[in-house]
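Take a look at the assembly below and turn it around a few times. Then read on for a guided walk through its chains.

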Amino acid sequence: MKIKTLVSAIALSGATLIALPSMAADTIKVGVLHSLSGTMAISETTLKDTVLMMVEEQNKKGGLLGKKLEAVVVDPASNWPLFAEKGRELLTQEKVDVIFGSWTSVSRKSVLPVLEELNGLMFYPVQYEGEESSKNVFYTGAAPNQQAIPAVDYLMNDLGVERFVLAGTDYVYPRTTNKILEAYLKAKGVAAQDIMINYTPFGHSDWQSIVSDVKKFGGEGKKTAVVSTINGDANVPFYKELGNQGISAEDIPVVAFSVGEEELSGLDTTPLVGHLAAWNYFQSVESDANDEFITQWKAFTKDSNRVTNDPMEATYIGFKMWANAVTDAGTTDVDAVEQAMIGQETENLTGGIAVMNKNHHLSKPVLIGEIQDDGQFEVVWETDGVVAGDAWSDFLPGSKDLISDWTAPIKCGNYNTKTKACSGQNY
Amino acid sequence: MSAIENTVENLRETFRRDQVWPFLAPTQTKVNVDNQMILYVEGLNLSFDGFKALNNLNLYVNDGELRCLIGANGAGKTTLMDVITGKTQCDSGTVFFGQNHNLLNKDEAEIAQLGIGRKFQKPTVFEEQTVFDNLELSLKTDKGVLPTLFSRLTPTQIDRIDEVLKIIGLAKHRFMLAGALSHGQKQWLEIGMLLAADPRLLLIDEPVAGMTPQETEKTAELLTSLAGERTVIVVEHDMEFVRSIARTVTVLHQGSVLAEGTMDQIQSNKDVIEVYLGEEAGESEVGEDAVEGENA
Amino acid sequence: MRHLIALCCCLFGLLSFSVQAAESSQQDPFLTELAGAKFKDMVPILDQLAEIQGEAILPLFHTLLGGDLYYIKADKSLVGQFDEQGATVYKDVFNQTLVPNLSKRDVKKIRVNNTLRGYLRNAIAQIQLTAKSPKVRESAVRELLSKLDADTVALIESLYAKETNNKVKEAMGLALSMHTASSTELTLPNRLVAIERLSSSLEGDARNLLTTLTKDENPAIVKAATSALEKIAQRANRFAFIDQLFFGLSLGSVLLLASIGLAITFGVMGVINMAHGEMIMLGAYTTYVVQLMMPNYIDYSIWVAIPAAFLVSGLMGILIERLVIRHLHGRPLETLLATFGISLILQQLVRSIFSPLNRQVSTPSWMSGSWEINPVLSLTLNRLYILAFALLVFFALVIVLRKTSLGLNVRAVSQNRNMAKAMGVKTHWVDAMTFGLGSGIAGIAGVALSQLTNVGPNLGQAYIIDSFMVVVFGGVGNLLGTLVAAFSLGIATKFLEPTTGAVLAAIIVLVFIILFIQKRPKGLFPQKGRAAE
Amino acid sequence: MTRLTEWFSAGRSSGKHTLPFVVILLVVSLLASGANLLLPEDSALYVSTYTITLLGKYLCYAMLALAVDIIWGYCGILSLGHGAFFALGGYAMGMYLMRQIGDRGVYGDPLLPDFMVFLDWKELPWFWLGMDNFGFAMLMAVVVPGLLAFVFGWLAFRSRVTGVYLSIMTQALTYALLLAFFRNEMGFGGNNGLTDFKEILGFDLQADSTRVSLFMITAFLLAVLFVVSQRILSSRFGKVVLAIRDAEARSRFIGYRTDRYKVWLFVYSAVIAGIAGALYVPQVGIINPGEFSPINSIEMVIWVAVGGRGTLIGAVIGAILVNYAKTRFTAILPDAWLFALGAMFVLVTLYLPKGLMGLYAQMMAKRRPRILEESAVKESATKESEV
């Protein structure tokens, strides 16, 4: 009796598992791999909605290749191993043609082997530390040279900053970015004692000592700026502490790479006016495309207060390019689309044209904005033209000889220009 | 200076030639009762937050004796047992088991392995296990982790358990979960567990609380039969019961010994009459009822 | 030279100015030039304005600095944006007359960036050297310390003799000393005296000047500067210590607030409430909702939010107690699991209602900024208030537990439940009330925390482990222990942080507590006696 | 002699479920593996590799639940930090796999893992030495969690930290480790952890055959550990453990050094968790500090609670069911999942204190009087106690 029940229980669960749905309708499936719960839900739900909005819009235009698009949304729940599992689910069970997804580096690293194994295609829309180029991923967010280095240039050239505080959350993006910046600053003649590096844990909320240290460091005569790679939740208490300790943007400006409109929406920005952020997109930029995008977004979310931000634009560009590439290739086959992607051009929301390079990174303009009291940014500086995203930083000893080129004859994500070999990967 | 001297002294002690190191020496389990005395309690003091639970308490128990401890609530009976069995650390004083075992530097398990068994005021048995398992666990065996892991019941042990089961009258219930036993049966089981461990000294806290008169009588018989071979110390409120079993009675009052002697001697002792029996003698019926009511 | 002109303007033209300015402002060609100017071009325009108009230009500069200066698209005339009872109105910046019938579409903002703001502040300071209020004058002098040029020094020199206020005079004296000490044309004794005078100042600019002087060619100057610096460093270190102590106390007060509620539910009732953090979160969200309902009275919102948060969290606590915890009495581990489930539900609830994004809670103006004791020691006001508030809540709670009948009942139930029941105490009611009290206090903590950190669904998670640590470390059931534990952990963390970094400090403190509990399982202030077991 | 057989059959925790469980486990996994490897992909009975890895993951979780149940269900020690042992085991495996990458990393450094190269480390930290040896790494996967459990348990149990205090301390332990492993200076890859593994013992990790083998090994080890645990817990050692759970003071007073029993049980449990972690990592392809997060550890406890603590089979079933539900729910209704999980915590503790197995036992107990005359002794005992 017992055995029977046991058998049926296990068989039941096994059977339902095995009989997972494998529908094959005549649609093009777009996988969305963004966390909808857990710590990253704050940022990633917005991107999920963006993809859904783009899919809806594309379908209004009649879809692609005569087929409708169908979004398949899964929730990896801010759990990194789940990104791999859900990625596999999207590719093998749902058989999606493309995935838009990931926010954190670790989630991308988690899903990457799956993409490469199953030859999937993913668009990654967030600024990141670089040092990666996979055949199966297109990086539409900024690489360090599209965000950090122009920002530091601006600080040095336009604001006359001579001392730098590199403050970041202790994970790979700030670590790498700060390594690059440190090398870059030293190359520019900034002395070691004029660079202060500080790391804090995720969600750090007690910034008293650090802000006070920054204040001291900045009070020693030379013009000082903070380059912040502080992540997500830790920003609000950080800026509150800055405001309360009376550090104004004129004294010690803070330039942030992870603070956008969405992060500011949870913050009273009055004490922060004048602090900076470097992005490829700001909501406040005036252009027809941007206005249209913002209106569309507010209508889609039915919330007139919703803001737009840089990763959304990156998603937008990625989606447009993919749609174009599919049209050009006439198929959704990954290899064909991958080749068709290279050289794709799409209008930026901020004006100008974004180009997908051979290394799967975009050429985009870089903007620097000052925080305003309405939670928006005012562009105070921008690059003259577009900046090409660099997969491998020239300022890190390990990667300065590496380049990425996915066109024939190199076809390699990490090609060593000295040894003329494609290190790793091809085995 | 004294610290250095102490260290040197310790070192000297460690390297004495006439002794092996303590951790190499075989553990002495044999209790030295050359003086016919099994328990020496001297000058015990213990206070909780200013309340003196034990106050310079002295107690000597002969080997093979059946001793009753009586005293009002808060007189220190249970606390004394706690100290003897290692549950509570005392502030000062000495407790020796036989002449050679200082109980104060041992923990509960060690003390139990020396052969001191204890029954709690509230019957405590392993409710989720069978009566048989309860007794098996209490058997006098090597109680280290590995021996226990690989131990198997020997026929002698099974016989011993059967014997105990018979003594405590639970032979029919051997495979019942202990939690399903009645209150009295649990009391018996707990006593049985003590017996299975084959102890030298039994400390029994209120054994007949909640028992029917017949059960009480049986318990009295059992305890009396145990004495001689083993030493038994009983704490009890039920004067009738005490009278029926006791040869020597010790009265505790406010943490120290007030009087000691036979029941008759105690009953005629002035101090005792004043602080304890006196009240009860005056209104004995009521008093005993009250005590029983409290225990039920 | 232009400063002198500006000065003359203010000194001699004071009477006529107000009239003149009001008349001339709108016609001034420079003013219309501001409209739509590029950042690069603005500084010369503003220079001109300052030169011509002197102090009269201040309102314009202030408005511009605040980012509230707009121009009307139609005629490029300037207006200031003001907020009156929640409505946006536009006024002439100089005479405050309302410019009617303007909507947001008709005007365009005149943008400012950091360079401009820096310029404006400096310019305002120069003009304000002659302001009426001594406070304004003093801060104006301090503002100028970092950019002492010959003009400014001359200006200060001329004002120094006439200055009546001691503090302003002191600041001016400092400025002059700095100038004297640094100017190589002056004689050595003069400079040495100036350096000596600088050694009594804690002003950062003075210190920077001295640091540069230690590289002077003249050995006497180097020596004097070095010893002056040492003197300053000694004093500064003392203040730095106080500063750090304050940081520790402040962190301690946050820990205290987060854990007092737990000290009651866990310490007194023995209930492990894993949803405690969510009670804090509810309090923080209540603050948000209160501010949403009274957007024009942010300064007072806190006073509404505190009782509101107490009620919301308290009622939620009572609900949880009645529905779940009551049934798990005496099973602490199960309670732990059930309340963990509740915490998940509450988080998701908040996420569904308020979205997963952080919500914006504004800081009342009286809580912003800091209390500057001297140039190296300033205490941030919000933390100061929260420290005081935490102590207030703590002692109020102690009084409630000591003096009220609820407190008596709570203590009775916690010490001997059955006896209390037998004495006629309604233990169920007391349980619910105690739990409500603990949760309500957590809600109040949420109000305070909303001023320091994110108001989001994960707010509670960030504090739950820390608060458990505090309560366990202090000794369960002992409010005083909680107080001591909170402050000692706060101070320890803050004193470790400079040497180890924030992450390692947190780890060290955690490991210390783990080890400490092994040594003293009952915490710092254990309950003694048989009742404790 | 009959007495002995009686004793064996009537003991409460004897393995009446063991054999059927092991058989079903092994047969199901064999069938699934065969269906994956032998059948063509379009066959109706084909089991996809996705399903195989998913099942493999569930079995790792089941093993972990087994570990939690052994100490919580049998000894009453509620550890809210078992994720730490799991993760440590996982890291040991991850380090081995990382070393196996060799010079095929993106930077092509023969010795240093990629994350060390771009953080500009010059040489391998000492604790990475030897991890390229599979045997040594696997030894570490059990030794490190075991050692941590021993040290922690030795300190905690000796000073009699029990109950809720212990739970909170274990939580603090895993939280401290979480913070520590997040630090990049630690040399474990910080937040990103270890990933991008290539092969294990020379077998390509992405090959279906390797995945199936890993899955089979997991199933086999789960069966072995299940049987071993069952044996341990039904020995006298197991009885002592139960005794400690129900009346620790009593066990001490009959002469058991309860702290030692607890320490060794804790170590055993941690070792199982470590093994589970080591098996988990090659199947999911990443190990990072997130596994240390206290929430994960609490979730493990709920698997056991749902299945029924105090029964090994309940832990296994609970882990599989809850995780299966999670996989399904997060796909269908991501928002509702946390509500469902939360409600599960509350409802199970309120209404199903013994979990699904308890429910099952209750149902069986209701039917028994009518159908079975299972044990005359037991029957009469019940009757007598009722009188």
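First, some ground rules. Residues are numbered from 1 along each chain as its sequence is written, and chains are lettered from A and ligands numbered from 1 in the order in which they are written. This is a predicted model, where local features need pLDDT of at least 70, side-chain atom pairs count only at pLDDT 80 or more, and totals for chains, interfaces and linings use all residues.

## How the chains meet

Which chains share the most contacts? Of the five pairs of chains in contact, it is A and D. Two residues are in contact here if their C-beta atoms, placed from the backbone, lie within 7 Å. On that basis, 43 residues of chain D touch 47 residues of chain A. On the chain D side, the elements that give two or more residues are α2 (18–37), α3 (49–75), α5 (114–118), α7 (163–182), α13 (312–332) and α14 (334–351). Helices (H or I, at least four residues) and strands (E, at least two) are DSSP runs, numbered from the N terminus. Sorted by class, that side of chain D has 22 nonpolar, 17 polar and four charged residues. Ala, Val, Leu, Ile, Met, Phe, Trp, Tyr, Cys and Pro count as nonpolar, Asp, Glu, Lys and Arg as charged, and the others, Gly among them, as polar.

Chains A and B are another story: no contact joins them, and their closest C-alpha atoms lie 22 Å apart.

## Two open sheets

Now find the sheet in chain A. This open sheet has seven strands in the order β7-β6-β8-β9-β10-β14-β15, with mixed pairing. Two strands pair if DSSP finds at least two bridges between them. At the edges stand β7 (195–200) and β15 (377–382) of chain A, each with a single partner strand, so one side of each has no neighbour in the sheet. From one strand to the next, the twist averages 25°. Angles run from 0 to 180 degrees between N-to-C directions, and axes are lines fitted to C-alpha atoms, for helices over the stretch in contact.

Chain B has an open sheet too, with six strands in the order β6-β7-β8-β3-β9-β10 and mixed pairing. Its edges are β6 (116–119) and β10 (256–261) of chain B; each has a single partner strand, so one side of each is left without a neighbour in the sheet. Neighbouring strands in this sheet are turned by 20° against each other on average, direction ignored. Helix α8 (residues 213–226) of chain B packs on the sheet, where it touches β3 (66–70), β7 and β8 of chain B, and its direction makes about 145° with that of β8(B).

| Strand pair | Sense | Bridges |
|---|---|---|
| β6 (163–169) and β8 (224–229) of chain A | parallel | six bridges |
| β7 (201–205) and β8 (231–235) of chain B | parallel | five bridges |
| β1 (69–72) and β2 (78–84) of chain C | antiparallel | three bridges |
| β2(C) and β3 (87–91) of chain C | antiparallel | five bridges |

Ala167(A) stands opposite Ser228(A) in β8(A), and Ile204(B) stands opposite Val234(B) in β8(B). In chain C, Tyr71(C) stands opposite Leu78(C) in β2(C), while Asp83(C) has Thr88(C) in β3(C) as its bridge partner. The hairpin of β1(C) and β2(C) has five residues between the strands, and Lys76(C) there takes a positive phi near 60°.

## Helices side by side

Two packed helices are described by the angle between their axes and the distance between the axes.

In chain B, the axes of α4 (residues 131–138) and α6 (residues 155–168) come within 10 Å and cross at roughly 120°. These two helices are therefore oblique to each other. Angles under 35 degrees count as roughly parallel, over 145 as roughly antiparallel, 65 to 115 as roughly perpendicular and the rest as oblique. Phe132(B), Leu135(B) and Glu136(B) in α4(B) meet Ile161(B), Val164(B) and Leu165(B) in α6(B). By class, this contact has five nonpolar, no polar and one charged residues.

In chain D, the axes of α3(D) and α11 (residues 258–284) come within 9 Å and cross at roughly 170°, and α3(D) and α11(D) are therefore roughly antiparallel. Their contact has 18 nonpolar, four polar and two charged residues.
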